Amino acid sequence: MKIFTATQIREADAYTIQHEPVSSLQLMERAANACAQWLFRHFEADRPFYIFCGMGNNGGDGLVITRLLHDKGYNATACIIHHSTKASPDHTANREALEQQYPQSIYDIHALADFPTLPAGSIVIDALFGTGLRSAVEGWMAGLIHRINDLQARHTVIAIDLPSGLLADASSARMPVVNAHHTLSFEVYKLAFMMPENAARVGQLHILPIGLHPDYMARTPTRFHVTDAHMMRTIYQPRQPFAHKGTYGHALLIAGSYGKIGAAVLSAKACLHSGVGLLTCYVPQCGYQIMQISAPAAMCITDPQETHSSHFHETQPHTPALHQFRAIGIGPGLGTATPTAKALELLLDQYRQPMVIDADALNIIAAYPFLLSRIPHGSVLTPHPKEFERLFGSTENDFARLELLSEQAINLQLYLLLKGRFTAIACPDGSVYFNSTGNPGMATGGSGDVLTGILTALLAQGYAPKAAVLLGAYLHGLAGDIAAARMSQEAMTAESIIDCLGPAFLQL
Ligand SMILES: NC(=O)C1=CN([C@@H]2O[C@H](COP(=O)(O)OP(=O)(O)OC[C@H]3O[C@@H](n4cnc5c(N)ncnc54)[C@H](OP(=O)(O)O)[C@@H]3O)[C@@H](O)[C@H]2O)[C@H](O)CC1
Ligand SMILES: [K+]
């Protein structure tokens, strides 16, 4: 699914109006009707509704919603905020329609002093500003947003299209923005919804289709995307009937150190449950028995060292040469001991195919930044926000961080996967994908190790790195969602994610 900018959304509007064809008033009616239907499904008619309407088309939507609520027997008041002397034509037309049918439902607000007192149980609809907002809201309108936010503790607040004050395509950190419990947005995701800094503003997000023209949607190229089930079905390759274990590649997983062999176990199990042909795990001596007992389907090589690995760059007499591994995953629980760092440097020189680099391998690279440019092109790096900061530095806000992520992916020709609610995957071609699956139950130790195992397995099976990283992130989140549905977000663990990989593959 594509993420459109505010400008592209306006173009999609105009294209739909011209080519469907449909009048802009009818399109507004459709958008407001989608919201009204959602409200009817979620609230009884005994709740009073207060709809705060701006002077543009977002306010126009609010005026239509007020009329539709009345048509259904709901009690609704349109509080029209006169922040500007000029109203949009569709706002004006819908004010007139409301005045004609339900004249007592309009309440004009010209200053903060006019702000109404809301009865208990009221529902607040925020239709002040949508995609037409140009910059931070200031003056008494900022005060009005604060007033709405004061109501948030006692009343349900529902934003139309965007929480007012939120810019669709740029950071609104430290700006006055409505904090909504729910955002009902039209047709497409906006970039602002993907940013952790806006989580408390957007609340629960509901994308409502309003029938924007499919031709415009299909032919307009975008830089930002949200992954979905349809996309995964185009990526996923079913297994071939004449396959043997060699068909699906031999992966090498370099992971674990004293006290952190569990990370290697989780990663190995996830790899084995994601379709790898053969798996060899490389661990220090202390991990040998643990690996053999926990993951008997995997082969195991041990380092000469007892507690940490130091020689994984060298092939040993009884193991295949490094280049014979179709994929290498490195990092979970690895530790950052100097001999390990040295071995990583040598590994990067010797193995020139895309690999998966995570956790302590990233921390080593952050400590020796010259290693960044030695990573084979097409490799996948999977930092969480702290690891990202260690690697590339801190940024002022989430939009700046996303730009830095994308810039580095292009410059280094790597896939950079930044973990989060909407994990961001920046590609060397400049495109960025947000993963749509997953839940807060996955914010738990070992979850990242599982992802490394999945990604390594997919690379080993011959998926191109872009396909592997998009599918891997999606499967990881989907398995997490299945685990949460079965046993709750609280009780699930990283092992539950592995247990649910099977059902996740079956859903593809
Ligand atoms: N996406 C769709 O297909 C549809 C969307 N619809 C709705 O329309 C809005 C976009 O409407 P638009 O009129 O373009 O813009 P807004 O209503 O969001 O905002 C315009 C008003 O905001 C004022 N403004 C802008 N920036 C500021 C600011 N920094 N401070 C204060 N006020 C600001 C602007 O004032 P002017 O004085 O400059 O005129 C306008 O009054 C979209 O979000 C949807 O809700 C349609 O329903 C059709 C389908
Ligand atoms: K709004």
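**Notes on a predicted model**

1. H2 has 19 residues, and at 1.5 Å a residue they should span 27 Å; the end C-alpha atoms of H2 are 27 Å apart, so the two values agree.

2. Which residues of H2 are buried? They are Leu27, Met28, Glu29, Ala31, Ala32, Ala34, Cys35, Ala36 and Leu39. Have a look at what these buried residues pack against: the helices H1, H3 and H4 (89-101), plus strands S5 (156-160), S6 (182-186) and S7 (204-208).

3. H2 turns up again around ligand 1. Helix H1 (6-19), helix H2 (24-42) and helix H3 (57-71) each put at least two residues into the shell around this ligand. Which helix gives the most? That's H3, with five residues.

4. Staying with ligand 1, you'll find 31 residues surrounding it. The closest are Gly56, Asn57, Asn58, Gly130 and Gly132.

5. Now the record. UniProt, in an unreviewed entry, puts a "domain: YjeF N-terminal" at residues 9-218. In the model, that span is 38% helix and 17% strand, and its end C-alpha atoms lie 13 Å apart. UniProt also lists "domain: YjeF C-terminal" at residues 228-508, again from an unreviewed entry. Here the make-up is 43% helix and 12% strand, with 10 Å between the end C-alpha atoms.

6. Strand S15 (residues 415-418) pairs with strand S16 (residues 424-426) in the antiparallel sense, over three bridges.

7. Last stop, helix H15 (residues 447-460). This helix has 14 residues and reaches 20 Å from its first C-alpha to its last, close to the 20 Å expected at 1.5 Å a residue. Is H15 mostly covered or mostly exposed? Mostly covered: 14 of its 14 residues are buried. Just after H15, check the backbone at Gly462, which takes a positive phi of about 100 degrees.

Conventions:
Residues are numbered from 1 along each chain as its sequence is written. Chains are lettered from A and ligands numbered from 1 in the order in which they are written. This is a predicted model: local features need pLDDT of at least 70, side-chain atom pairs count only at pLDDT 80 or more; totals for chains, interfaces and linings use all residues. A residue is near a molecule or strand if its C-beta atom, placed from the backbone, lies within 6 Å of it. Helices (H or I, at least four residues) and strands (E, at least two) are DSSP runs, numbered from the N terminus. The expected span of a helix is 1.5 Å times one less than its number of residues. A residue is buried if 20 or more other C-beta atoms lie within 10 Å of its own, exposed if 12 or fewer, and partly exposed in between; C-beta atoms are placed from the backbone. UniProt positions are given in the numbering used here, feature names are shortened, and annotations may be inferred rather than shown by experiment. Two residues are in contact if their C-beta atoms, placed from the backbone, lie within 7 Å. Two strands pair if DSSP finds at least two bridges between them.
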